[in-house]
Structure formats: structure tokens, C-alpha cells
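Q: I have a protein model open and would like to learn how to read it. Could we go through a few of its features together?

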Amino acid sequence: MPLQNQIKDVLKRLKEKYEDLKPTKPDEINTEDKFVIPLLDCLGYPVYSHDLVERRYLANKRKPYSKGSTDAGRVDFAIKDEVTKEPKIFIECKRLDSSLDDGPTGNTPVDQTKSYFDLNISVDFAILTNGYEYRIYSDLDNPNSLDSKPFKEFNLNNYSQDDIKILELISKGYDVEKVKKFARDSFDKRDLLTYLSENLTENPCLEFIKFLSKEVFGDRKSKNVKKTQSLLPFAIKELMFSQERAIECPKKQEICSTVPKDDAINVFDIKELSYIKPEYIIFENQKEDMTNWRDVLEYLMKKLLDRDVAGISQLHAKSISTQRKWRDSRDIGHGYYIEANKSAKDIISVLKKSLSHLNLKDALYLSIRHTKTLKQ
């Protein structure tokens, strides 16, 4: 199985483990054992080899010994070079769900991680986690000095293909230059998106308006700058509206062209609902292997809730709640949970209502199999 698929499976299992363990509030050691070690193992690091993955590594040899504390100046994990045995990646772990930002001035988890990193010039990257959130840092601004911001951060409920990609890149035998290029691109993309989000509003900066005036009308003369400034809010609204319409009303032929017609059918064409199981789904041209109806419900309702939180939660008010009040409550984002203990018939009904509400009747295809021969 490709490493990216393995990482995806591990993150999925960690999410399930997080939901189970969250109420018990495990301590730091248990968080390391339950979350960090499985992830390192997936990335190819020999977690039980002290020579290559050392726990409680003495990262700050200047730290004065504190009576009663054996962990003074020690980072939770140090991944070492196979040849030199020098540390290459530091991982600092806090107890499950604890804040990664709070702490006394100069002694927050980020400050602590930075102090370890800055004193060890052989270290390329640092990861700060509480089992749920993951922040990956490097030294792009100043060599051997941890950047103030991570170049990648995600959590178990919200991670992208990019996040999976960076985990693959820092797996055993990583190419440091390749990872740092990815990190620089991540920062540049973030800066670009920040600039666009700040200026694609009703109050863009004057320099942006002048730039558009030059590109669209040929100069930055006062007349054209004023024209650009007056038209821009309407142009942005029109652009956003057209994008929303493109998402809500995908072209049927484009979706159908990617669907294996012999195996997958539109959810609205499924007639027989007894003794069937999913094999995979295709939602808006994205294929996902899923063999459990509850996982299908959770995955799709997250996607659909992102489109219209108020509308979807109101549409299914009896089975969506801000509280985890059912035996099988699935987190679907935006602070909502859905009751997943439903039959295939009920789950398909929920999906059909939601897709109809969002004008997405042509967006979902499923491959199903019969689990029992039906009586004629």
C-alpha cells in the first residue's frame, strides 16, 4: 500500500482513538504512546530502537538540574541520523487536548520547543503536538533558529492531502532540501492567500486597486483608479456567486465521465435497500473506499455541512445536535454531531434530502454489493 494511503489510514484510526480517549483525559505519557508512536511507526521510524528514536533526549544541556524533575531540558522524542546518531527531528508532546499556546511568558510549549531546537544545530524539523493538533516547524527565516510559525499545522478532524504529503516527505530517509522547499512553498502560498483574502473584499488596499487599474484599464490615472474602486466590490460578489453556482451545479457529463458505469450508480437511482453494503463512493469526482454506511454518512455530512451549516442542521434537526447524545455520535464539524446508528435505508434518505437541498443530485455515486441473496 502506498505510504500516503497508510498515513491516511493511521490518521483515521487516531481520530477514532481520540474520540474514545478524550473523555478519560490521558496524561502526557499515554498521549505519546497512543498517538505519537503509531504515527512514527507508520513513517518508518524504529520506535523501539533507542539508538534511532530516543525518548527524553537531553536537548538542553545547559538546563540546571531541578530536584525532583528528571525531565529538565529533555525533549520527548529525538529521531536520529542512522549514521551519525545526531538528532534530526524533535517532537514535543503535551497531554491530550491541552493548549499548545498557553503558558507562562517565555515558557509556552512553542517557547520550550524553540529552546530545544535552537541549541541543536543538527536538527532539521520540530513537531509540536497534543495528540489532536500537529504543528511542524523548521528554520526557514534564520538558520538554526526555529521559525515563529509552523509551516504546516492540522488536526485529526481537519487535514488535507497537503498535510498527508508533508508527513510522507518527513518519513524515514527524508530529503531535507525537498522538505524545506515544500515548507517554503507552504509559507508563500499562505502569504498569497492572506493577501488575496484581505484584498478580495469591499475594502481592498489602494495599491491593489492601482494594480488592477493598470492591468485592466491600461494605466493608474485617477479616473481609472476610481472606476476600479467603484466596480471592484460588485465584480468580487459576481465572481463569488459564479463560483458558488459552479460548486452547487456541477456539469452532469463531467461527473459521469469519471464514474465507472458498471460499478457505481447515482444515489438517487438506488432502489433496493435491503442487505446492501457500500464498496466505494464517488463524490464530485473524488473516489473514497468505504465499506461501512456509518463512515459514508460521517464523511459526506462533513462535506455537505461545510456548504450550508444552518440549512443542513435545520433539515435534520432530529439527528444532528451540538451535543454527543447518541450511542454512535459522529463529529461532522462546525460543532455538530450526527446520529450514525441508522439503517442503510435511513442513511441514504438523509443523504438524498441533503443533496436535494444543495442542488447536488448528480454529485454522489456509490458502488454497492449485496450481502445476502434476496428472495424473489
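Q: Are Phe125 and Tyr174 buried or exposed?

A: Both Phe125 and Tyr174 are buried. Buried means under 20% relative accessible area, exposed means over 50%, and partly exposed lies in between, using a 1.4 Å probe and protein chains only. Before we go on, note that this is a predicted model: local features need pLDDT of at least 70, side-chain atom pairs count only at pLDDT 80 or more, and totals for chains, interfaces and linings use all residues. Residues are numbered from 1 along each chain as its sequence is written, and side-chain values use heavy atoms, with hydrogens and water left out.

Q: What kind of aromatic pair do Phe125 and Tyr174 form?

A: A pair of aromatic rings is described by the distance of the centres and the angle of the planes. Rings of Phe, Tyr and Trp (its six-membered ring) pair if their centres lie within 6.5 Å; planes under 30 degrees apart count as stacked, over 60 as edge-to-face and the rest as tilted. The count by this rule is 6 aromatic pairs. Phe125 and Tyr174 are edge-to-face, at 5.5 Å centre to centre with 65° between the planes. Because Phe125 sits in strand S4 and Tyr174 in the loop between helix H4 (161-169) and helix H5 (176-199), the pair ties together parts 49 residues apart in sequence. Helices (H or I, at least four residues) and strands (E, at least two) are DSSP runs, numbered from the N terminus. Ring pairs also link Phe125, Phe151 and Tyr174 into a cluster.

Q: How do Tyr134 and Phe154 pair?

A: Their rings are stacked, 5.4 Å centre to centre and 15° between the planes. Tyr134 belongs to strand S5 and Phe154 to strand S6, so to speak of the pair is to speak of distant parts of the chain, 20 residues apart. Tyr134 is buried, with a relative accessible area of 3%, and Phe154 is buried as well, at 6%. In the pairing of the strands, Tyr134 stands opposite Phe154 in S6.

Q: In what order do the strands of the sheet with S5 and S6 run?

A: Two strands pair if DSSP finds at least two bridges between them. Here 6 strands make an open sheet in the order S1-S2-S3-S4-S5-S6, with mixed pairing. Strand S1 (53-58) and strand S6 (152-155) are at the edges with a single partner strand each, so one side of each has no neighbour in the sheet. From one strand to the next, the twist averages 25°. Strand S5 (residues 133-137) pairs with S6 in the antiparallel sense over 4 bridges.

Q: Which strands make up the open sheet of 4 strands?

A: The order is S7-S13-S8-S9, and the pairing is antiparallel. S7 and S13 are joined by 2 bridges, and Asn266 stands opposite Tyr365 in S13. S8 pairs with S13 over 7 bridges and with S9 over 4 bridges. S8 and S9 form a hairpin with 2 residues between them, and Glu284 in the turn has a positive phi of about 50°. Since 6 of the 8 residues of S8 are buried, S8 is largely enclosed by the rest of the structure.

Q: How do I read a helix, and which residues of H6 are buried?

A: An α-helix has 3.6 residues a turn, so residues three or four places apart point the same way. In H6, the buried residues are Phe208, Ile209, Leu212 and Ser213. They cover an arc of only 140° around the axis (taken from the directions from the helix axis to the C-beta atoms), which puts them on the same side of H6. After H6 comes Gly218, whose phi is positive, near 95°.

Q: Which residues is Thr228 in contact with?

A: Contact means heavy atoms within 4.5 Å. Leaving aside neighbours within four places in sequence, Thr228 is in contact with Ile209, Leu212, Ser213 and Phe217. Thr228 is found in helix H7 (residues 222-248) and is buried, with a relative accessible area of 7%.

Notes:
Axes fitted to C-alpha atoms, helices over the stretch in contact; angles between N-to-C directions.
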